[in-house]
Amino acid sequence: MMNPTTELELADIIASAKGPLRIVGGDTRQIGHPVDGDALHTSGLSGITLYEPGALTLVAKAGTPLAEIEAVLASENQRLPFEPSDMRGLYGASGQSTIGGVVATNASGPRRIQAGSCRDSVIGVQFVDGQGQILKNGGRVMKNVTGYDLAKLMTGSRGTLGVLTEISFKVLPAPEATATVVIEDQSAEEAVATMSAALGSPYDVNGAAHVGGRTVIRVEGLEGSVNYRAAELVKKLGGTVVDFDWTTVRDLTDFASRDGDIWRFSVKPSDGPKLGAALRGRGALDVQFDWGGGLVWALAPEGANLRAALGDIGGHATLIRGTGQPVFQPESTGIKLLNEGLRMKFDPRNILNTGRMG
Amino acid sequence: MDLPQPNSEIIARKPQIVALLQAILPDDAVIYDEHEVKAYECDALSAYRCPPLIVVLPSTTEEVAAVLKVCHVEGVPVVPRGSGTSLAGGALPTADSVVLGVSKLSKVLETNYEDRYIRVQSGRTNLSVTGAVEALDFFYAPDPSSQLACAIAGNIAMNSGGAHCLKYGVTTNNLLGVKMVTMEGEVLDIGGSHLDAAGYDLLGLICGSEGQLGVVTEATLRILHKPEGARPVLIGYDSNEVAGACVSDIIKAGVLPVAIEFMDRPVIRAAEAFVHAGYPDVEALLIVEVEGSETEIAEQLALITEIAKRHNPVELRESQSAEESAAIWKGRKAAFGAMGQINDYMCLDGTIPVSQLPFVLGRITELSEEYGLAVGNVFHAGDGNMHPLILYNANKPGDLELCEKMGAEILKLCVEVGGCLTGEHGVGIEKRDLMSTQYTDADIEIQLGIKDVFDAKWLLNPAKVFPLTLTESRRA
């Protein structure tokens, strides 16, 4: 089993590889086309290498368990801004999610709508490319425009451009208080109108989802501020302030235990209800909305082509769980050529997670 | 600083190139008179000037595509230009280049408050993007100091920041999509009004690529509702160390101000002499601004002033009115102008880990004495983005070179302590030759490889960002 414990060892493995390699972190985010090749584990590259709470900066090796990072941050009342999901329930996986896997899949939860996605928090990367070269980009400061921004490019590239070895993050204070306003029994149209009103208010909403007929709106911050904003939102939108477990939205708990394919769509929020109806028209068994209506999740019978529901709606679809359909949205010719060109530069032998992204 | 030798063969073909451009653009969109092109000879890094061969001012994406196709076929370098406010020489022409100005592309194409975005042509100025949505109390968050003049195209090219990015992020965090024309003249739509692109994050790659990968003609930008109010507090300390520790404690306490600005004594004195803001004569001055309703502002300021008091401030002034807020910001906003009253200056923007602040400020003082050049420091302290202003006399032979040498030492210092060469201005020509202090040849080579993919003939803004010796074999 290949599980290097140093970056140099990893670089040697890649440089001397005779065939394709399948990059494995915790094996808890199994999104993408299946990949052939020898498993190359990253869990041996583990540990937080730098944490400066006063500078809102954390640097960790790629194989560090997400749970370890979250615990260390919590001890200083801080957190990762982008609320990474736990996909284990969805895939029936039992491993430890690694920070490298989070970054490789740009895993971003409900707070993405306000705090940005994983890529917005990644301020530096170190990785080994397909020829075994150790490369770095960005650093450990949150403002950095020195050269091209490969930290963004690497985030979400699913191990097809290089194997991440170390990642720097901008982190944020954890809030003193959280409140969720719940509005019951709304249609998708009503829900998106409610969420748009909330997100277009001055109240700094950082969660807006619609699950099982309930619309949930979240505010976080200092206690007095949270109480004030939650009260103002209730005045504006109706509903009541209740305890709500946002991990159910983040981890798609309702769908995880049910059989069927799971699709994920990113569209502009006002297109959400129309897409939701089209998805049901194509056989979707259930539909949920996050990100103010712009992130649409659908549970579907196995093999159904829900991507077709997009029609002329701008955006993209990903098959998160299931087979029988292309996982990622087909790209326009121009974009496809650029992506293939980039891949040839980063991994000219085409050995890293070959075919993962289709 | 070395500038590349222009290609005389291209210069000799000027009449033919002008004719080809005139065939695809309206008459007034092609400028080739040698006196008229001088208006484009520099950007805000005005120590370096070079009139371009030709200037084109297209009005549509189609015209931009047509220009790039001609230049691609003819092998003519193209220097894209927004409003020419780059402090790094990002829009500095070469004598054999066509400057492609996007100033005529200034329309708002769509505003969508329900989905919270605006789609604009890229020549539109930063402040007028907010201007287009502020009637409904919305705004576009990135706010570089030059926001009255600078174009969104330039903001995207440099991934511009501003004073408020501690809370709202920089351009790349507020950009949803672009329409971009490649050097070959192909029009690409990347991203859109939805969040997070499918596939590789090309949008993240293009933002901050300094006009080397394509010419952005349209941008979809995230807009936000304005906060109910904002109020600053002014805190003075008698040492930089203590001020730095206060910044760190505020951040650790869990309150995230919208801005934390830091000024040192030379800047405080210059600003005071220039605009009489009523600043105390202290070693370090912090301006911390928070946002929200009256209740929320009071809650945050109570926490911040409590932390500030723990560090025994010489001065602590909480604004009680709009007038007092304006007075607190007055000196900060005039800081660059105030330093400019004293002498010519060079403005750096190296970024450092906040914990290294006292050490770096100490070293800058030593360098200042060593070189005999005065330095003032004003910067975004919350994110470690420094702005050392080195004073020099442009009319004194050798002074600019001395200033550049000292600037290079400061930037190397920023890299040594774990920071970077540039936090928000970009590399341009200014920091091009310092790239090797931050990156290995291999780190740079992969970036050159990316440019190969987008611009195989290396015609777009070719002599920028990377050390000339490393790009020589690729450039035309």
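Helices, of at least four residues, and strands, of at least two, are DSSP runs numbered from the N terminus. The views below come from a predicted model.

**Figure 1. Chain A as a whole.** Chain A contains 13 helices and 17 strands. Its C-alpha trace spans about 65 × 50 × 35 Å along the principal axes. The radius of gyration of chain A is 21 Å, which agrees with the value near 21 Å that a compact globule of 358 residues would have. Of the 358 residues in chain A, 58% are buried. Taking contacts in chain A between residues at least 6 apart in sequence, 70% join residues at least 24 apart.

**Figure 2. The two assigned domains of chain A.** The domain assignment of chain A places domain 1 at residues 7-173 and domain 2 at residues 177-250. The C-alpha centres of domain 1 and domain 2 of chain A are 31 Å apart. Where these domains meet, 8 residues of domain 1 of chain A are in contact with 10 residues of domain 2 of chain A. On the domain 1 side, the touching residues comprise 3 nonpolar, 3 polar and 2 charged.

Figure 3. A:Gly294 sits in the loop of chain A that runs between strand S15 (286-290) and strand S16 (295-300). A residue counts as buried when 20 or more other C-beta atoms lie within 10 Å of its own. A:Gly294 has 29 other C-beta atoms within 10 Å and is therefore buried. Leaving aside residues up to four places away in sequence, A:Gly294 touches A:Ser266, A:Val267, A:Lys268, A:Pro269 and A:Gly272 in chain A, together with B:His194 and B:Leu195 in chain B. A:Met87 lies 207 residues from A:Gly294 along the chain, and the C-alpha atoms of these two residues are separated by 20 Å.

**Figure 4. The contact between chain A and chain B.** This contact takes 68 residues from chain A and 74 residues from chain B. On the chain B side, the elements giving two or more residues are helix H7 (202-206), helix H8 (240-252), helix H10 (294-310), helix H15 (435-438) and helix H16 (441-454). The largest share of that side, 8 residues, comes from H16(B). By class, the side of chain B that touches chain A holds 29 nonpolar, 31 polar and 14 charged residues.

Notes
Residues are numbered from 1 along each chain as its sequence is written. Chains are lettered from A and ligands numbered from 1 in the order in which they are written. This is a predicted model: local features need pLDDT of at least 70, side-chain atom pairs count only at pLDDT 80 or more; totals for chains, interfaces and linings use all residues. A residue is buried if 20 or more other C-beta atoms lie within 10 Å of its own, exposed if 12 or fewer, and partly exposed in between; C-beta atoms are placed from the backbone. Two residues are in contact if their C-beta atoms, placed from the backbone, lie within 7 Å. Domain bounds come from an automatic or database domain assignment. Ala, Val, Leu, Ile, Met, Phe, Trp, Tyr, Cys and Pro count as nonpolar, Asp, Glu, Lys and Arg as charged, and the others, Gly among them, as polar. The radius of gyration is taken over C-alpha atoms; the globule rule is 2.2 Å times the number of residues to the power 0.38.
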